[in-house]
Amino acid sequence: MPRAIGYVRVSTDKQLDNTSIDKQKEEIEKYCKKHQLTLVHIYDEGAHSAENMKDRKMFKEMYHHAFDKEEDIDYVVVFKSDRISRDNLDALYIYKRITEANKHLICIADNIDTRDKNAKLLYHIMSLVAELERDMIKFRTSTGMEKNHESGNLNGGKIYGYYTENKELKLDPNEAKVVKYIFEKYAIDQWGYRKIASNLNEQNIQTKNGKQWTITAVKTILNNRIYIGEVKWRGDYQKGKHTRIIDDNLWNETQKILRIKSYIPEKLHPGSYPLSGLIKCPECGSPMVQGNSSKKYKYYQCSRNKNSGKCACSSNLINKEYAEQFVFNYFYKTLKSLNLTVPITNTAMSTISSEVEPIEHKIKDIKIELQRLTKKKSNIISWRSDDVLDEVTFRQQMKDIRNEESKLFQFLNTLEKQLEQRQKPNLVENVSFAIEKLEVFFEVISNEDKKKILHSFIDSIYVNRGNSTKERTIKEIKFKFDLEYISQFYQSA
Ligand SMILES: [Zn+2]
């Protein structure tokens, strides 16, 4: 019987995935039993703290087991491909090592089995797409965090409830009343964020920037320690000089509820609404998101309506099933009618080359440095033979140069290996296959990946105005690129 090892770990991103360690183990055991594999061992990263997970001790052990004792193992089985690595290049490298060693990688949830040729390619593309998307998420959260930081900062942002005079916070009595109202509605009446925002908007109360209240704006208020008289100074909260708005009782009660609510997992199914953000509200143009749907009927809903209530915009519900069928079909048809293999490959390659270039530069620099050292050596030798240098100095200087050289050679070696890992000759072939079999490809991949792919191609989806859901049909799908132009351009190039 073929032999397998498993690998499990908890995702660091709890919101996106919460398959427990036990569940992962159970799935791996079930899989091995069903496919008649002897499960030798499951490497469990989950037993370690989050700190340890960064160096992924168990992963290294698993890796050594798979490659150092080659004859021992035929399969590496994980629950989902991101258990192996969230990093694309790592993933590709591992995948390459596994196949080169005539072993197989099985990702149960992703339907990936490297014994199957098609699956190999799915794995390639998914890793690439995941990488692109992750960079975007990184970008978004980093800019988002910057904003949050600013609003908590006295010099930067305006604080609702106060105005600034000579860099000091002065109480704005009307706004202070609203702040108190928000805390009371949340902690005492147990209203949700949305209800509070919507209620304020109905009362025609605006935020500091003259905008409508949103879920985020309410959340920000409830979490701001400024309202209990503290200020942020060099990352820490300290007693400030300004008047507090919220007393300890109300604050503590609020924080208690915030904590309890944060433990309740949100009903978040990544990708189960793949057109979220792409469909634009026919009335206000804001992105449409997962609507307050029933079991039977599911809808996309205007995000302004969802966040700020009916004062901001109507719900403008769009039938989920209809919209997705329409968009998917249009997407298949368009992509197949144009020959996009080359442009897509180029996009992927440019992502990779964005990493290749800095490495190539570094290699060039090192080579120049090595040349300089060689020249220096020959100079020293000639100085020695002309007796400009004494024997002791000569030896010392030669030793220093050789040390420096050997360090540089080592570094060069590492960089060249890294470069090699980033060059993937089969990409074109793989991409063209995925497009040819696009429907199949879409059926196999997870909802989350579907969403990633649609978002990387489609810019906006416009909807006709209408009084009923039936009347709200799709008017236009706008791609991020001029696909026809790209296709023709590359065909003729
Ligand atoms: Zn709207």
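Student: Which way do the residues of strand S4 (residues 104-107) point, and are they buried or exposed?

Tutor: In a regular strand the side chains alternate between the two faces of the sheet. In S4, His104 and Ile106 point one way, Leu105 and Cys107 the other way, and all are buried. Buried means 20 or more other C-beta atoms within 10 Å of the residue's own, exposed 12 or fewer, and partly exposed in between, with C-beta atoms placed from the backbone. Strands (E, at least two residues) and helices (H or I, at least four) are DSSP runs, numbered from the N terminus.

Student: What am I looking at, and how is it numbered?

Tutor: This is a predicted model: local features need pLDDT of at least 70, side-chain atom pairs count only at pLDDT 80 or more, and totals for chains, interfaces and linings use all residues. Residues are numbered from 1 along each chain as its sequence is written.

Student: Which strand is joined to S4, and by how many bridges?

Tutor: Two strands pair if DSSP finds at least two bridges between them. Strand S3 (residues 75-78) runs parallel to S4, with four bridges joining them. Val77 has Ile106 of S4 as its bridge partner.

Student: Where does Asn204 lie, and what is its phi?

Tutor: Asn204 is in the loop between helix H7 (193-202) and helix H8 (215-223). Its phi is positive, about 65 degrees, although Asn204 is not a glycine. Asn204 is exposed, because 8 other C-beta atoms lie within 10 Å.

Student: How many helices and strands does the protein chain have, and what share of its residues is buried?

Tutor: The protein chain has 17 helices and 14 strands. Of its 493 residues, 26% count as buried.
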